[in-house]
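Hello,

Here is the structure I promised to pass on to you. Please open it in your viewer, and then read on for what turned up in it.

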Amino acid sequence: MKAGKAQGTAASPYEKHYSILQNTAYYFRFYQKSMPVFLWLVLVEILVGAAAPFIGIYLPKLALDLVTEGADVKRLLCRLGGLGLLYVLARMVLGSVSEGKYCLYNTRRNELISALFLKSLRVPYRDTEKQEVKELYQKSFEAMAMGDGSSLYGMTYGTLSILQNIISFMLYSTVLSVLSPVMVVLLLSLSLVQYALNFSKIKCLERFRASGAELGRRRRYLSNRVMGSVKAAKEIRLFGMKEWLGKLLDGVFAEMKKQEKTKRRSENVYVQVSGALTVLRDAGAYAWLIYQVFQGTIGAGDFVLYFGAVTGFSSFVESIIQSVGMVRQGSNGLNFYRAYMELPEEFSEEEILEKEVPGSMSGIERTEEGSVPGSASGEEGRCRHVEELCHPIEITFQDVSFSYADLNPHDGYFAAHSAESGSGVRDDADNPAGSGQIFRHFNLTIRGGEKVALVGVNGAGKTTFVKLLCGIYEPQEGQILLNGIDRREFPRGEVYRLFSAVFQEKFLPPFKVGESVSMQKEWEQDRLWKALENAGLKNLFQERDITLDSYYGKYIDEQGVELSGGQEQRFLLARALYKDAPVLVLDEPTAALDPIAESEIYDSYLKFSENKTAVFISHRLASTRFSDRILLLDGGEIVEEGTHQELMDRGQRYAEMFQVQSSYYAKAAKEKEAFS
Amino acid sequence: MNQESELLERLPFRQRLSHIRATLGILKDMDKSYLPCQVIFCLMQTGAEYGALLLSGYVINELAAGADYRGLMRAAVTACILLGILKAGASALKASIIVKRDLISRRYDTLQQEKLTELDFSMIDSPRLKEMQEKIQRNNNWGAGMYTVFWSVEHFLTGVFRLIGAVAAGIPVLRYLGGGNALPSACIMAGLLVFLFLSIRVWFHYQKIAQYMMFHNLTTEEKKRLYDYMWWYASLEAFRYQNGKDVRIYQGYDIIKYWVQDREKTREWRDYFVNRPTVGYAGTGAAQGAMSGLGVAGAYLLVAWLALAGGIPVGSVILFAGCLANLLEGITILVFEFQELGLASRKQMAILELLSLSEEMYQGSLPMEKRSDGQYTIEFSHVSFRYPGSESWALRDFSLKLNVGEKLAIVGRNGSGKTTMIKLLCRLYDPQEGVILVNGVDIRKFRKEEYVKLFAVVFQDFELFSLMLAENVAASTEYSEDRVERCLQDVGFGERLAGLKKDGEGIRSYLYQDYVDSGIEISGGEAQKIAIARAVYREAPFVLLDEPTAALDPLAEAEIYSNFDKIAGEKTAVYISHRLSSCRFCKKIAVFDGGRLVQLGGHEELLAEEEGTYAKLWNAQARYYQMQ
């Protein structure tokens, strides 16, 4: 990683160690930018929140004073009624502000989350595959995801409460110091002891956090991903797994229970000592105040007031401790978030949108952007534009080396996905066990307009090749040339414009059909229909009354469009056709299709790749044999190349693979000949 | 029904009560001691509160009466210590209550999922269950699930005890009433109550506004304008990072941004999600603040008034005002919390409905005859089947007989009913028409759990779990190590296993890293092999393979096939594949088209029917190879 060293203290770009103060400032600026009124509401809540309970302990004092002095009705109404009214008013304001700001806070939280997600689309794709980055995303998301446990909540509400309680603390100290400064000092030191005690309690409980999280993860895995999974339901029934899973789950719960018990036992000491101190304080305060009244220093009203103030102290301390905990946790969460938001970008939001969007969260990142020198592709010479390239486009790999060494082989994400997809379709099919180096000084030229097929066993490097080709990956060494020009001289967004690619994982977002095909907010109606027609979907859509404004999937509209597997492939074909880019790339999208559908799809692609450069990958060699050139890839090297006929004549690896697949067909054919 | 959520409609008192009762019933089922502990805790806590109130009243009265301060101090200190002990007891109890809550709530969250493993498969996949799950999710979207219930119960009980305490502690003070000022004080009291009830009404009004956004179901038209995918995408539930490739290549950033972020920029969105609920929340907050403020301020005003007129002792002012404030607060708490508890309980009804589902499939009682000779025949007789909620037949008038040791291949286009047939055979679904017979007996008459033991299945979309390798193979916590290893060897996993034994934990290794961090990574082909090993471990008389090699390259595929004979051996096997060449070891090939069995026979026989589906499928693949 080259960049992302916004704060010099962190060694890794995936870790940030901003202080609590810096993080508070971050959120402050965020609110200021995105919803300044929120800050005013917080200010009101702090002030009124400190004042209201103070009025609350003054009420009984005033009542007693007035009763003792035998005030008349008018005075009673004026003084006590007035203060009472003020109290009611304060409580109303406090109630409306503290409740009312919740939705505002929540929308801000959502804005942070959506900004995080959008950021993940701007960092280089290669980075999003890295284990550290995926973990960082997960942590950042989790830091914001839990409504009232989020980083934003912790820091906003925690800071608010700390300030409120500090003001209260000062108010009460002032009141008490009128009576006796010594008393205030005593109470303060008692509070400090309690603070320290509580703090050690939290520290002591922290020991259990890791193992608690572990148990939680196991419980969630078993219950949500296994028992609750529709996909696993077949196996659970047919293999009678209920008992097995139930036993594991019971084991997890038993351990949880055990842990809770230990936890309670170890926190007990702190709770008891702290409780004893409170008793001591209350009893002492009573005795002392009784003595004062007896001495005639204070009256009955003051007695109530001071006692209220004394007991108030411990609740402030408790609140402050709790809030400090919230703030610290929130700040930790924000450090993940900021680390992610400060990752280097492939292109900035402005570049993509080509216009400023005022008031968006991107403003916050922009402050750090100075330290983010674009993507791994050096952008110094970024002056060329893809419009200047003649079609069809020739692509040259020159001395290209590429390695996955920076990908963590123990990769929970791939695991999750291969476990989910079951059939084992993995994005990193080329890198089964993190083997590392895929290409070493690899050279290849795909001529303009050439149809190239790439074959090879799993793990040969085909998928990696496709990603390098499209500009999803950048080689670590060597260069990739477009019509002889180094690709890095073009802005990456423009490079992407040259490719229509269909990858193994289908991406069919549940937007409007037009949006989902074009992947744009606005589309050309006629061209889009044409693309659907060429993809063989127009008739189906017209039969079913599907328009471009219909929604894909049933999330928004119950009448939404649903397609079968083969139709989905056509949908993706339509997307590639609509884009009509000069280079067409297919990464084995048809594995799950029946033979007729597969051959239809390949025929369509072939038909529409006229005048285009095209690269096909398929396991079924029959689908690729009509290409101009077949490349057999093995261990990151082209071991054989030529037309189908040439390779067959050579009688080596390709021929062997072809034999394996075709033996039966070939045999049948011979028999057929024999019959006739 | 779609317009407004049922959570927004008002329910009769009795019905709310029955929801609450049902919810407390769940609590009781999961932990009998929870509710008693909660009651005792509230009692102790309220007791300590009143103790402190009585103490201050007593002290002030005694001071006013000029009692000896030493005696008074001693009494006060003793009382403080006693109260301290009470409080310490309460907080110890509370700590254990919190632990209980944690465990109950986690167990409760898990109940649903556990239930899913007990239901018919047809239910799991049905629109009805999906609707129920969506409802559960929607209902629990706002609020903290069972925790809301816990809190409400605690508050409600506190309210009850405060009321009782207020009456009990306030009675002695009543004797001071009845001085000349009964009427005005009664008027003030009445005024307070009227104001209180007005505030409650205001509170209800705003609460409804606040809840509108939470519980109102968007209509389709509203969804088109307001719905966004922020959560769904950002949580990576609906978006995998791999999809980022498409977003980049097709420059879809704009449209994604529109659907996850820009929708909030419309006025209507802000009105619905921000402005309106904010008004609602602020209104409820203000009403609540007014009520509790009024309770305290009004109580002191009233009591001071009475004291000045009727001579209540100074100390009793504090006591009486405290009781009165508690009385008023108690009333509001009861009203609020009954409402809260009612709503929180009602949200649990969807879960209770799910938990009360039972299997609907016919449950036979015949024991499965365990034949050591493995002599089984399977017969489909005029079987027709439609998936729940679907209008078209997935399988239509399907008949087929399969004898022991036979190998049947099934071919056909996507959606022609191949997988459906397997699902029916395993009783994941029952056909609507026709019967399936094993040894001449309707399969529904067998005990299901015994019946399914006849089959070892590998599905196209098989699942392995991030659990122990051996347990994955044996599908149980108990397994025979030798047998597990043998099965893994048989399917060609031996090499990797040797590696695992050498520098890992062998068959005790965990797969992937979802369950434990130290789990191992396996490739798609290896996963496939483990799934097949699991089927082999079953030692079942029937082997059903549903296209297990779709994602493999030709060589890996060939490897699996070469092991297939070993796996299937003498057993009866049904094999589905898109690659027709892989059906070669099957004497009998069944060709499906549009849910019907259209052809049945050997390869040559089928190919001879030139217009047949088989010939078409065959030629689509074979034409390339035959040109050889």
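To start you off: which residue in β4(B) is the bridge partner of B:Phe380? The partner is B:Ile436, and I come back to that sheet below.

First, some housekeeping. This is a predicted model, in which local features need pLDDT of at least 70, side-chain atom pairs count only at pLDDT 80 or more, and totals for chains, interfaces and linings use all residues. Residues are numbered from 1 along each chain as its sequence is written, while chains are lettered from A and ligands numbered from 1 in the order in which they are written.

**Chain A overall**

Chain A has 23 helices and 10 strands; these are DSSP runs numbered from the N terminus, with H or I and at least four residues for helices, and E and at least two for strands. Its 676 residues include 49% that count as buried. A residue is buried if 20 or more other C-beta atoms lie within 10 Å of its own, exposed if 12 or fewer, and partly exposed in between, with C-beta atoms placed from the backbone. Of the contacts in chain A between residues at least 6 apart in sequence, 80% join residues at least 24 apart; a contact needs C-beta atoms, placed from the backbone, within 7 Å.

The division of chain A gives domain 1 (35-341), domain 2 (392-498 + 594-676) and domain 3 (507-580), with bounds from an automatic or database domain assignment. Taken over C-alpha atoms, the centres of domain 1 and domain 2 of chain A are separated by 57 Å.

**Cores and the interface**

The largest nonpolar core holds 218 residues, and A:Ala63, B:Tyr300, B:Val303, B:Ala304 and B:Val317 have the most contacts inside it. Such a core is a set of buried Ala, Val, Leu, Ile, Met, Phe, Trp, Tyr and Cys residues joined through C-beta atoms within 7 Å. Helix α10 (residues 300-341) of chain A contributes the most to this core, 21 residues. Leaving aside neighbours within four places in sequence, A:Ala63 is in contact with A:Leu80, B:Tyr300, B:Val303, B:Ala304, B:Val317 and B:Ala321. Another core, of 107 residues, lies apart from this one and includes B:Phe455, B:Val458, B:Phe459 and B:Leu545.

Between the chains, 144 residues of chain B are in contact with 154 residues of chain A. On the chain B side, helix α12 (residues 267-310) supplies the largest share, 25 residues. That side of chain B has 79 nonpolar, 39 polar and 26 charged residues, where Ala, Val, Leu, Ile, Met, Phe, Trp, Tyr, Cys and Pro count as nonpolar, Asp, Glu, Lys and Arg as charged, and the others, Gly among them, as polar.

**A sheet in chain A**

In chain A, 4 strands make an open antiparallel sheet in the order β2-β1-β4-β5; strands pair if DSSP finds at least two bridges between them. β2 (437-446) and β5 (485-486) of chain A are at the edges with a single partner strand each, so one side of each has no neighbour in the sheet. Strand β1 (residues 395-403) of chain A runs antiparallel to β2(A), joined by 6 bridges, and A:Phe402 stands opposite A:Phe439 in β2(A). Helix α14 (residues 462-470) of chain A packs on the sheet and touches β1, β2 and β4 (477-482) of chain A, its direction making about 120° with that of β1(A). Axes are lines fitted to C-alpha atoms, for helices over the stretch in contact, and angles run from 0 to 180 degrees between N-to-C directions.

**A sheet in chain B**

Chain B also has an open antiparallel sheet of 4 strands, in the order β2-β1-β4-β5. Its edge strands, β2 (395-402) and β5 (441-442) of chain B, each pair on one side only. β1(B) is joined to β2(B) by 5 antiparallel bridges, with B:Phe385 and B:Leu395 as bridge partners. β1(B) also pairs with β4(B) in the antiparallel sense over 5 bridges, which is where B:Phe380 meets B:Ile436. Helix α14 (residues 418-425) of chain B packs on this sheet, with a direction at about 115° to that of β1(B).

Happy exploring!

How values were computed:
Two residues are in contact if their C-beta atoms, placed from the backbone, lie within 7 Å.
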